[in-house]
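These are my notebook entries on one chain. I record what I looked up, with the criteria used.

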Amino acid sequence: MKIILPCGLLPNSVFNDSFAASHCPYGNMSKCRILSGERWSKRDIAWASDRSKFKDRQLQNDTETRFGYFNYRLPDVDDPDLIVWMRPGRSRPVTKLHRRIGGGLKLRKGDVLLVNVTNRFSIDPNRKTPAKHLLISNTNDLGGKNEFLPRMYIAVGGLGLLLSSALFGGVFVTRRKERTLRSRNLTNSTNSIGGDSSWAGWRHDVKH
């Protein structure tokens with residue numbers, strides 16, 4: 001028995017579908033060109049903080065192997081595809097960055113992007129929604145489209161507004177009760193100091 005490198009269930013279930021893309025300017029199918037190099041690159045698809053955690057090494061004699069549980073050759077430990085796959089998804093559905101279209105190529109309205117997919121990553125057909133999707137989107141320094149964060153911001157903001165309203169209402173009611181109680185205490189105190197109003201005249205007939 002040999003030690004699998006990289007080891008663990010997560011790297012051994014790495015997404016291994018392959019994609020080959022071709023760009024057809026203005027939909028002209030006769031001028032399609034296969035994207036390669038910087039125009040179809042996996043450079044910088046993984047976070048720099050993650051890349052520093054993964055270091056590959058040579059296999060030790062015959063005690064280690066690159067072939068996993070499903071007899072599929074696993075990528076190197078420092079392979080960007082593996083590093084992206086190893087980062088846990090924080091939302092559903094899970095979205096993983098596969099390639100970047102760069103090298104000065106800009107997709108314009110009317111262009112056609114042909115993607116040839118080699119299906120290797122099997123999914124369970126008995127699941128409620130077994131599906132794989134290919135998403136093409138624009139990205140910037142803050143990342144791509146992600147609806148999870150805006151929803152979280154709205155939920156947290158709404159919860160904060162609700163709690164602050166409840167707190168403000170509680171403080172308002174409490175202060176109002178305190179003012180009412182102080183007013184009653186002041187009235188009772190005034191009556192105690194003044195005494196019986198029937199004795200407030202200048203003359204009173206006192207029987208001995």
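**Burial and surface.** I take buried to mean under 20% relative accessible area, exposed over 50%, and partly exposed in between, with a 1.4 Å probe and protein chains only. The model is predicted: local features need pLDDT of at least 70 and side-chain atom pairs pLDDT 80 or more, while totals for chains, interfaces and linings use all residues. Residues are numbered from 1 along each chain as its sequence is written, and side-chain values use heavy atoms, with hydrogens and water left out. I found that 16% of the 208 residues count as buried. By the Shrake-Rupley method with a 1.4 Å probe, where only the protein chains shown count as cover for residues, the chain has an accessible surface of about 17,400 Å². Carbon and sulfur atoms hold 56% of that surface.

**Elements.** I read helices (H or I, at least four residues) and strands (E, at least two) as DSSP runs, numbered from the N terminus. The chain has four helices and five strands, in the order β-α-β-β-α-β-α-β-α.

**Sheet.** I count two strands as paired if DSSP finds at least two bridges between them. I noted an open sheet of three strands, β3-β2-β5, with antiparallel pairing. Its edge strands, β3 (33–34) and β5, each pair on one side only. Strand β2 (residues 18–24) is joined to β5 by seven bridges; A21 has V115 as its bridge partner in β5.

**Disulfide.** I looked for cysteine sulfur atoms within 2.5 Å, the criterion for a disulfide. The structure holds one, between C24 and C32, at 1.8 Å from S to S. The torsion about this S-S bond is about 105°, so the disulfide is right-handed. C24 is buried at 0% relative accessible area, whereas C32 is partly exposed at 22%. I also checked C7, which is exposed at 57%.

**D111.** I located D111 in the loop between α3 (80–86) and β5 (112–118). D111 counts as buried because its relative accessible area is 16%. With contact meaning heavy atoms within 4.5 Å, and neighbours within four places in sequence left aside, D111 is in contact with H23, C24, P25, Y26, G27 and K106. The side chains of D111 and H23 form a polar contact of 3.0 Å (N or O atoms within 3.5 Å; within protein, one able to donate a hydrogen and the other to accept it, and residues adjacent in sequence counting only if both atoms are side-chain atoms).
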